[in-house]
Amino acid sequence: MPLDRKDLLDLDDFSSDEIMLLLETTSAMAEILSRPIRRVPTLRGKTIVNMFYEASTRTRSSFELAAKNLSADLVNVSASQSSVDKGESLIDTMRTLQALGADMIVMRHWEAGAPYLAASWLDAAIINAGDGWHAHPSQALLDLFTVQERIGTIAGLKIVIAGDILHSRVARSNLWGFGKLGAQVVLCGPPTLLPRGLAEIAETESRITISYDLDEAIVDADVVMMLRLQRERMASGLLPSTREYCARFGLSRERMRRARPHALIMHPGPMNQGVEITPELAYSEQAVIEEQVTNGVAVRMAIFYLLASTPERLA
Ligand code: CP
């Protein structure tokens, strides 16, 4: 079954079948990555551009490796070292990359909605690699894949996402992804770091629960996903102090005992160790944080492959 979409912008309008297709294709890509020679010729002749307006380690590198593993030509552009620095507009930048031959553009931008604008202007596929506080669909897909691989299912699980939900595009995309595959998602953080209006949504959405108490939220969790305090996006006055935040919302060994015995500990990275998670737990047997990073390559190969195989692009 092809993925009949031009772009990957978020998971909000994806069906559960489409998400499962992405996860199944990721399994096939992971098999390729287990071979002694990891490169296949699938995207030979295709050009992919990584256009990053914000810093990244994991996402940018894994999209680059994914493109190379599929034999595509890959160009990396950082906004700070491009003509964006001279004032070139978003649309002119994107049209320039398309005019240079880009078939797909992976885009990270500080402004929510920027990839949607680009997608509406360009024929090239736009892949959202994170837009402001809004969405990070490839991260959510790698999180789903990691849980599916480890636990064998997603339906019926209790997933606790804790920390700075307000500024987290990862939380928003994961809410769609885990929710569509039948998990119960608990969003936990101080009231100042939970988006306004979330409590009203949770009242009508039975798969979403809001909690202001991590000790309570974590009970019987199958997965505990901790989020970083995104100080770079934060207005002042949202937190009394890091120390108090850490005491109430940091993940410690003692707190983790309330979850199921083999519950997974996840984090999209980068971590603030000693704030939202102790180093001891970050490198513990329950942590799958590096596995998430590893799975990111196969997930991004699956995204490239499926977007390059749409009926429109194969015609
Ligand atoms: N998880 C994530 O998006 O990490 P980077 O910012 O390093 O890409």
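Predicted model: local features only at pLDDT ≥ 70, side-chain atom pairs only at ≥ 80, totals over all residues.
Glu280 is partly exposed, with a relative accessible area of 46%. Glu280 pairs with Arg253, and the closest N and O atoms are 3.2 Å apart. The pair ties together distant parts of the chain. Arg253 sits in helix H10 (residues 253-256), Glu280 in helix H11 (residues 279-282), and 27 residues separate them. Arg253 is also partly exposed, at 31% relative accessible area.

**Other salt bridges**

How many salt bridges does the rule count? The count comes to 13. Some of these share partners: Arg5, Asp13 and Glu18 are joined into one network in this way.

| Pair | N to O distance |
|---|---|
| Lys6 and Asp7 | 2.7 Å |
| Glu64 and Lys68 | 2.7 Å |
| Glu54 and Arg169 | 3.0 Å |
| Arg253 and Glu280 | 3.2 Å |

Take Lys6 and Asp7. Lys6 is partly exposed, with a relative accessible area of 21%. Asp7 is buried, with a value of 13%.

Glu64 and Lys68 both lie in helix H2. They are 4 residues apart there, so about one helical turn separates them. Lys68 is partly exposed, at 32% relative accessible area.

**Two domains**

The protein chain is divided into domain 1 (16-136 + 296-314) and domain 2 (138-292). Domain 1 is thus written as two segments of the chain. The C-alpha centres of the two domains lie 26 Å apart.

The area buried between them is about 2,000 Å². Carbon and sulfur atoms give 63% of that area. In domain 1, Leu23, Trp133 and His136 lose the most area to domain 2. Together these three residues account for 37% of what that side buries.

Polar links cross the interface as well. The rule finds 2 salt bridges between domain 1 and domain 2. There are also 10 residue pairs in polar contact, both residues at pLDDT 80 or more.

**The nonpolar cores**

In soluble globular proteins, nonpolar side chains tend to be buried together. Here the largest nonpolar core has 65 residues. Leu141 and Phe304 touch the most other members. Helix H12 (residues 289-308) supplies the largest share of this core, 10 residues. Where does the core lie? Domain 1 and domain 2 both give residues to it, so the core lies between them.

Leu141 shows how such contacts run. Setting aside residues up to four places away in sequence, Leu141 touches Leu8, Leu11, Ile19, Leu22, Leu23, Val299 and Ile303.

Another core lies apart from the largest one. That core has 29 residues, among them Leu166, Cys188, Leu229 and Ala263.

Gln292 is found in helix H12. Is this residue buried or exposed? At 1% relative accessibility, Gln292 counts as buried. Its contacts beyond four places in sequence are Gln139, Leu142, Asp143, Thr146, Met266, His267 and Pro268.

Tyr53 lies in the loop between strand S1 (47-52) and H2. Tyr53 also counts as buried, at 10% relative accessibility. Which residues does Tyr53 contact, leaving aside neighbours within four places in sequence? They are Ala79, Val84, Leu90, Thr93, Met94, Arg108, His109 and Trp110. Val185 is another matter: its C-alpha atom is separated from that of Tyr53 by 31 Å. Along the chain, Tyr53 and Val185 are 132 residues apart.

Notes
Residues numbered from 1 in each chain as written. Heavy atoms only, no water. Core = buried A, V, L, I, M, F, W, Y, C linked by side-chain atoms within 4.5 Å. Buried < 20%, exposed > 50% of the residue type's maximum accessible area, 1.4 Å probe, protein only. Helix = DSSP H or I, 4+ residues; strand = E, 2+ residues; numbered from the N terminus. Contact = heavy atoms within 4.5 Å. Buried area = accessible area lost by both parts, 1.4 Å probe. Salt bridge = Lys/Arg side-chain N within 4 Å of Asp/Glu carboxyl O. Polar contact = N/O pair within 3.5 Å; in protein donor to acceptor, adjacent residues only side chain to side chain.
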